[in-house]
Amino acid sequence: MRLVVDLNRCQGYAQCAFLAPDVFALHGHEALRYTPYADDSRREQVARAVAACPVGAILLDDLAGDGAGDPADGLPAAGPGVG
């Protein structure tokens, strides 16, 4: 799965880093670092992190190519033009 973070929208609340620390981390006080391609084994953690972002700065793109998000996480996949 691919992650896209709008770093202009991100406010550094760090909910994503708390919920998926292997994928997201704060560098300094507000600069976010993240892994753009997360392993599928982290899908649940990442889905929770995406849902917890108070400003909606994180998009999850399903690389399976079926155009649908994971029904279990209740999140739509980002469109093909994202990123």
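Predicted model: local features only at pLDDT ≥ 70, side-chain atom pairs only at ≥ 80, totals over all residues.

Me: What's the volume of the largest cavity?
Reply: The largest cavity comes out at about 110 Å³.

Me: And which residues are closest to its centre?
Reply: There are 15 residues lining the largest cavity, and Cys10, Tyr13, Ala14, Cys16 and Cys53 are the closest to its centre.

Me: How does that lining split by class, nonpolar, polar and charged?
Reply: The lining of the largest cavity has 12 nonpolar residues and three polar ones, with no charged residues.

Me: OK, zooming out. What pattern does the protein follow along the sequence?
Reply: Going along the sequence you get β-α-β-β-α-β. That comes to two helices and four strands.

Me: How much of the protein is buried?
Reply: Of the 83 residues in the protein, 31% are buried.

Me: Now the largest nonpolar core. Which residues touch the most other members?
Reply: That core has 17 residues, and the ones touching the most other members are Leu3, Val23, Phe24, Val46 and Ile58. The elements giving two or more residues to this core are β1 (2-5), α1 (15-19), α2 (43-52) and β4 (58-61). Among these, α2 gives the most, with three residues.

Me: Why would nonpolar residues gather like that?
Reply: In soluble globular proteins, nonpolar side chains tend to be buried together.

Me: You listed Ile58. What is Ile58 in contact with, leaving aside neighbours within four places in sequence?
Reply: Ile58 is in contact with Leu3, Val4, Val5, Cys16, Phe24, Ala49, Val50 and Cys53.

Me: What about Leu59, where is that?
Reply: Leu59 sits in strand β4. In sequence, Leu59 is 54 residues from Val5, yet their C-alphas are 6.3 Å apart in space.

Me: Why does Leu59 count as partly exposed?
Reply: Leu59 has a relative accessible area of 38%, and partly exposed covers the range between under 20% for buried and over 50% for exposed.

Me: Is Asp61 buried or exposed?
Reply: Asp61, which is also in strand β4, is buried because its relative accessible area is 9%, and the cut-off for buried is under 20%.

Me: Which side chain does the side chain of Asp61 make a polar contact with?
Reply: That partner is Arg2: the two side chains make a polar contact at 2.6 Å.

Note on methods
Residues numbered from 1 in each chain as written. Heavy atoms only, no water. Core = buried A, V, L, I, M, F, W, Y, C linked by side-chain atoms within 4.5 Å. Buried < 20%, exposed > 50% of the residue type's maximum accessible area, 1.4 Å probe, protein only. Contact = heavy atoms within 4.5 Å. Polar contact = N/O pair within 3.5 Å; in protein donor to acceptor, adjacent residues only side chain to side chain. 1 Å grid on protein atoms, 1.4 Å probe; cavity = no way out; pocket = protein on both sides within 12 Å on 5 of 7 lines; lining within 4 Å. Points joined across faces, edges and corners; volume = space filled by probe spheres on them. Nonpolar A, V, L, I, M, F, W, Y, C, P; charged D, E, K, R; others polar.
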